[in-house]
Amino acid sequence: MRIVTLVKYVPDATGERGFSEDGTVDREGTDGRLSELDEYAVEQSLRLAEASDDEVEVVALTMGPDDAADAIKKALQIGASSGVHVCDDDIAGSDALGTSLVLAAAIRKLEPDLVITGMASTDGVMGVLPAMLSERLGWPGLTLAHTVELDGRTLTVVRDGDTASQRVQAELPAVLSVTDQSGEPRYPGLKNVMAAKKKKVEEWDLDDLGLEADAVGAAAALTTVRETAPRPPRQAGRVVTDSDGSGAAALTEFLTAGKYV
Amino acid sequence: MGSVIVLAEAGEQGVSKPTLELLTLARRLGEPVVVVLGETTGEVVQTLGRHGATAVLTVAEPALQEGLPAPRAEALAQLAGDRQASVVLLTSTPDAKDVAGRLAVRLTAALVTDAIDVQPGEGGVVTRQSVFAGSWTVEAASTADVAVVTVKPNSVEAEEAPVEPAVETVQVTLSETSTAVRVLESSPKAATGRPELTEAAIVVSGGRGTGGDFAAVEAFADALGAAVGASRAAVDSGWYPHAYQIGQTGKTVSPQLYVAAGISGAIQHRAGMQTSRAVVAVNKDPEAPIFEMADLGVVGDLHTVLPAVTEQLRDARG
């Protein structure tokens with residue numbers, strides 16, 4: 001069996017994040033890392049692999065510029081078997097539609113039984129890729145799962161939807177996204193870090209995927225960023241140190257003055 | 001003007017507040033056509049009409065009732081095509097985003113999620129989004145014939161604009177592909193009697209500082225008619241259900257007032273509440289980063305401060 005896990009290299013959320021002049025996310029001026037939420041996808045892939053009687057290969061797939069290889073490297077250290085990095089200058093500036101087109105083509109080429117993703121990236125946070133891939137591939141999509149069970153070719157998950165918690169099921173091949181409640185990701189041990197250096201990472205470009213340059217990237221994007229502006233940071237207001245009920249008095253006054261009551 | 005499809009959240013409890021907000025936005029962009037995936041009532045139609053719905057389409061297909069995104073997207077794609085819609089608006093919820101992503105693929109549409117504003121533009125709609133934990137605002141223009149936009153609740157004040165809607169029951173054809181997921185079991189979320197977290201005007205959240213006791217937070221919230229939220233630390237400790245988690249991996253809220261009780265205010269938490277109109281923080285630690293962004297900060301024990309305020313509010317009400 002083969003599982004493809006999607007990984008994304010993102011600007012570190014705890015650092016300063018911003019935009020480049022062309023309206024794309026600034027990936028140069030900030031430190032990057034594997035999106036935290038993708039670690040749960042890698043973890044889930046490994047858990048399924050470990051629980052299976054079959055030989056399971058876990059392929060970490062990413063797209064993006066050279067730096068994105070670091071996301072694969074981290075996934076390999078955590079325990080993925082190999083990596084595929086889709087890298088092509090013409091991909092730059094892709095919107096979600098373009099991104100899903102490229103990733104769906106790469107997934108088709110890899111012919112996996114299961115695709116696992118995180119619930120969203122920590123930079124774009126759209127959270128739409130799993131659904132878009134499911135639609136493009138024509139495979140069932142089980143999203144936002146916190147409990148996952150694979151029995152033969154039958155995948156059963158529990159997901160917390162907007163209005164109900166549901167147990168849903170589908171047959172492989174399928175697309176699965178997991179939440180941060182699906183199981184704590186393991187830390188890569190020294191042994192795995194060393195082993196990761198020997199694992200194979202392939203680089204693919206648009207030609208390898210049979211895609212035309214004008215189908216993706218900024219040229220094909222259906223939205224144009226017109227303006228990006230930093231929001232004025234919130235200002236610290238009054239701080240009252242509670243003593244003899246002064247804190248409660250200040251809060252009551254704030255609520256009354258603001259007509260919140 | 002072309003038609004603008006609004007996917008309604010409507011049920012026995014009536015029409016959701018965010019749906020009415022979408023209708024207000026839709027009126028700027030064209031003729032609002034509301035789609036109800038499921039049964040509708042006279043009261044629902046009336047409310048939608050009062051807020052400017054020129055047409056209400058109901059689709060009574062059983063497979064759509066289960067709430068799974070794939071068949072919903074397929075149904076919406078057919079209706080958007082039939083009506084030659086230029087925009088489809090949905091409320092930003094995880095389930096609706098699943099639908100929106102699928103719909104964008106089906107319609108080759110521009111896709112914008114978590115918009116805080118939608119305006120008509122020359123080539124297509126112009127949207128604004130708040131990104132990077134609310135620290136940046138992005139304005140984008142659609143260049144496609146169709147745009148699919150999910151809008152965050154509380155982005156606009158719902159306004160009335162009464163019309164008599166044309167009501168129509170429509171049929172859709174669902175493929176095997178989009179009905180490949182089976183629902184084995186469905187348990188509706190328990191009603192709390194409090195407002196919906198993402199729609200509430202006031203949200204009171206508890207964190208590590210509650211020590212696992214949310215009684216003071218809940219009583220204070222109830223005195224204000226507020227929704228209750230929780231930080232990831234509180235959820236991970238098993239003190240409050242995940243459905244109430246505010247932050248990067250939970251819900252994003254933008255209420256008029258956000259009260260953070262015993263929450264330090266890590267970036268991941270701020271991502272979920274930074275766009276609130278006003279922020280109040282109660283925390284024992286004077287160094288907690290949440291104080292840097294609070295309009296009012298109280299350095300003190302929430303278990304003392306909140307019950308005192310709750311009592312004062314009750315007394316004031318008599």
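Predicted model: local features only at pLDDT ≥ 70, side-chain atom pairs only at ≥ 80, totals over all residues.
Let us begin with chain A. Its secondary structure comes to eight helices and 13 strands; helices (H or I, at least four residues) and strands (E, at least two) are DSSP runs, numbered from the N terminus. The C-alpha atoms of chain A fill a box of roughly 65 × 45 × 40 Å along the principal axes. Of the 261 residues in chain A, 50% are buried. Here a residue is buried if 20 or more other C-beta atoms lie within 10 Å of its own, exposed if 12 or fewer, and partly exposed in between, with C-beta atoms placed from the backbone. Among the contacts in chain A with a separation of 6 or more, 70% join residues 24 or more positions apart. Two residues are in contact if their C-beta atoms, placed from the backbone, lie within 7 Å.

Now find the sheet. Strands of a sheet pair through backbone hydrogen bonds, either parallel or antiparallel. Two strands are said to pair if DSSP finds at least two bridges between them. This open sheet of 10 strands has mixed pairing and the order 11(A)-5(A)-4(A)-1(A)-6(A)-10(A)-7(A)-8(A)-9(A)-12(B). Strand 11 (201–204) of chain A and strand 12 of chain B stand at the edges, each with a single partner strand, so one side of each is left without a neighbour in the sheet. On average, neighbouring strands of this sheet are turned by 30° against each other, direction ignored.

We can follow some of the pairs. Strand 1 (residues 2–6) of chain A runs parallel to strand 4 (residues 57–63) of chain A, and five bridges join them. Along this pair, A:Val4 stands opposite A:Val59, and A:Leu6 has A:Leu61 as its bridge partner. Helix 3 of chain A packs on the sheet, touching strands 1, 4, 5 (82–86), 6 (114–118) and 11 of chain A, and its direction makes about 150° with that of strand 4 of chain A. Such axes are lines fitted to C-alpha atoms, for helices over the stretch in contact, and angles run from 0 to 180 degrees between N-to-C directions. Strand 4 of chain A is mostly covered, with six of its seven residues buried. Strand 4 of chain A also pairs with strand 5 of chain A, in the parallel sense over five bridges.

Further along, strand 7 (residues 141–151) of chain A pairs with strand 10 (residues 174–178) of chain A in the parallel sense over three bridges. With strand 8 (residues 154–160) of chain A, strand 7 pairs in the antiparallel sense over six bridges. Two residues lie between the strands of this hairpin, where A:Gly152 takes a positive phi near 65°.

What about the interior? In soluble globular proteins, nonpolar side chains tend to be buried together. A nonpolar core is a set of buried Ala, Val, Leu, Ile, Met, Phe, Trp, Tyr and Cys residues joined through C-beta atoms within 7 Å. The largest one has 140 residues, and those with the most contacts inside it are A:Leu176, B:Val35 and B:Leu76. Helix 3 (residues 96–110) of chain A gives the most to this core, with nine residues.

Finally, back to the domains. Chain B is divided into domain 1 (3–179) and domain 2 (202–317), with bounds that come from an automatic or database domain assignment. Their contact takes five residues from domain 1 of chain B and eight residues from domain 2 of chain B.

Conventions. Residues numbered from 1 in each chain as written. Chains lettered and ligands numbered in written order.
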